[in-house]
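Student: I have a new model open and would like to learn how to read it. Could you walk me through it, one feature at a time?

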Amino acid sequence: FFFFFKQKTAYEISACLVGSEMCIRDSCGYQTIEVTSFVSPKWVPQMGDNAEVFQKINKPANVNYPCLVPNVKGLESAIKIGVKEIAVFGAASESFSKKNINCSIAESLDKFREVVNEAKKHNMLIRGYVSCVMGCPYEGEIDPKQVNQVATALYDMGCYEISLGDTIGVGTPEKTKALLDAMTLPKEKLAAHFHDTYDRAIQNILVALEQGISVVDSSIAGLGGCPYANTKAGNVCTENVLYTLNELGIETGIDLQKTIEVGKWISQKLGRQNLSVFECCLLYTSDAADDLLCVDLGGRRIIKKK
């Protein structure tokens with residue numbers, strides 16, 4: 001998905017739209033592309049174009065286009081333009097919950113329950129997010145049991161899948177295992193959402209895979225992230241995840257080469273750094289792969305010339 005915290009010009013909107021179109025037109029193979037967020041433009045002005053973005057992209061029947069929805073008002077806006085899948089986003093940190101959505105964890109769950117119940121009336125799919133699962137910019141360490149409580153509450157109210165988000169990227173392989181060990185929900189109901197703040201996202205994903213997680217959230221070229229993190233690196237780069245999975249012999253159904261081209265293109269259009277390892281190694285054709293060697297699947301710079 002494409003996720004901006006600072007919208008500079010209308011050109012960024014059109015680039016985002018065309019970038020989404022390229023993923024479909026070039027048959028990259030994605031089954032789900034998270035499009036936008038129906039939050040209040042008063043609090044998040046860069047999401048004020050949510051309806052425009054959703055309406056202007058082509059939506060093939062075999063691709064899901066979920067949108068983030070924080071409350072009933074946001075849900076109503078999503079329903080009006082034909083959104084079929086939504087995601088609600090809570091947090092495992094009281095402080096982060098109050099800063100991000102202006103309510104406590106308990107209050108947020110009550111709001112989400114209203115959203116979920118209304119969404120069910122419209123036969124919508126509902127996904128749940130839990131932020132700050134391994135660390136909070138205000139509280140520091142987060143107890144895995146707290147994460148489990150929030151995730152279980154979201155699942156029990158009707159979310160088909162719960163994405164566990166390392167929002168500020170402080171997770172480690174050890175923390176990832178401890179977190180997943182503490183989860184009481186079936187692993188097939190969980191997803192991994194790592195940020196690459198300290199170059200540990202791939203390492204953490206490998207641990208999650210070993211623990212039975214099969215769904216991973218990622219972002220083309222590493223676009224997006226969290227404004228509370230200490231680096232420009234944000235959501236783990238889709239290209240890096242795909243490369244790692246391919247090296248492990250895990251079939252994803254996604255075309256890595258076409259994804260690389262989309263990431264290169266959208267980064268150039270937005271004037272943003274492409275965080276893909278392929279940008280570093282100038283690997284844009286399958287022929288070049290013969291001259292490369294896997295170095296370290298646990299960090300961002302994972303390939304080099306033989």
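Tutor: Gladly! Let us begin with a term we shall need: contact means heavy atoms within 4.5 Å. Keep in mind, too, that this is a predicted model.

Student: Which residues is R127 in contact with, leaving aside its neighbours within four places in sequence?

Tutor: The contacts of R127 are E85, I86, A87, V88, C159, Y160, E161, S163, A191, V215 and D217, once neighbours within four places in sequence are left aside. R127 itself lies in strand β3.

Student: Is R127 buried or exposed?

Tutor: The cut-off for buried is under 20% relative accessible area. R127 has 8%, so this residue is buried.

Student: Which side chains does R127 join in polar contacts?

Tutor: One partner is E161, with a polar contact of 2.8 Å between the side chains. Another is D217, whose side chain is joined to that of R127 at 2.9 Å. There is also a ring to look at: the charged end of R127 sits over the ring of Y129, 5.2 Å from its centre.

Student: Let me step back to the whole chain. How many helices and strands are there?

Tutor: The protein chain has 11 helices and 8 strands. Of its 306 residues, 53% count as buried. Contacts can also be sorted by sequence separation: among those with a separation of 6 or more, 70% come from residues 24 or more positions apart.

Student: How do I read a single helix? Which residues of α3 are buried?

Tutor: A helix can be read by asking where its buried residues point. In α3, which covers residues 72–80, the buried ones are G74, L75 and A78. They span an arc of only 100° around the axis, which puts them on the same side of α3. The face turned away from that buried side carries the exposed residues K73 and K80. Among the elements covering the buried residues of α3 are β2 (85–91) and α5 (105–121).

Student: Which residues of α5 are buried?

Tutor: They are I105, S108, L109, F112, V115, V116 and A119. Viewed down the axis of α5, these buried residues fall within an arc of 125°, so they line one face of the helix. They pack against α3, β2, α4 (94–101), β3 (125–131) and α6 (144–157). You can check the length as well: at 1.5 Å a residue, the 17 residues of α5 should span 24 Å, and the end C-alpha atoms are 25 Å apart, which agrees. Just after α5, N123 takes a positive phi of about 55°.

Student: What about α7: which of its residues are buried?

Tutor: In α7 (residues 173–182), look for T176, L179 and L180. Their arc, seen down the helix axis, is 90°, so the buried residues line one face of α7. Their packing partners are α6, β4 (161–166), β5 (190–194) and α8 (201–210).

Student: How is a pair of aromatic rings described?

Tutor: By the distance of the centres and the angle of the planes. This structure holds 1 aromatic pair. The ring centres of Y243 and F278 are 5.5 Å apart and the planes stand at 80°, so the pair is edge-to-face. It links distant parts of the chain, with Y243 in α9 (residues 238–247) and F278 in α11 (residues 277–281), 35 residues apart. Both Y243 and F278 are buried.

Student: Can we finish with a loop? Where is H195 found?

Tutor: H195 is in the loop between β5 and α8. With a relative accessible area of 6%, H195 is buried. Its side chain reaches the backbone oxygen of T167 at 3.0 Å, and also makes a polar contact with the side chain of N235 at 3.5 Å. H195 and S218 are 23 residues apart in sequence, and their C-alpha atoms are 8.5 Å apart in space.

How values were computed: Residues numbered from 1 in each chain as written. Heavy atoms only, no water. Buried < 20%, exposed > 50% of the residue type's maximum accessible area, 1.4 Å probe, protein only. Helix = DSSP H or I, 4+ residues; strand = E, 2+ residues; numbered from the N terminus. Arc of directions from axis to C-beta. Expected span 1.5 Å × (residues − 1). Phe/Tyr/Trp six-rings, centres within 6.5 Å; stacked < 30°, edge-to-face > 60°. Lys NZ or Arg CZ within 6 Å of the ring centre and 35° of its normal. Polar contact = N/O pair within 3.5 Å; in protein donor to acceptor, adjacent residues only side chain to side chain.
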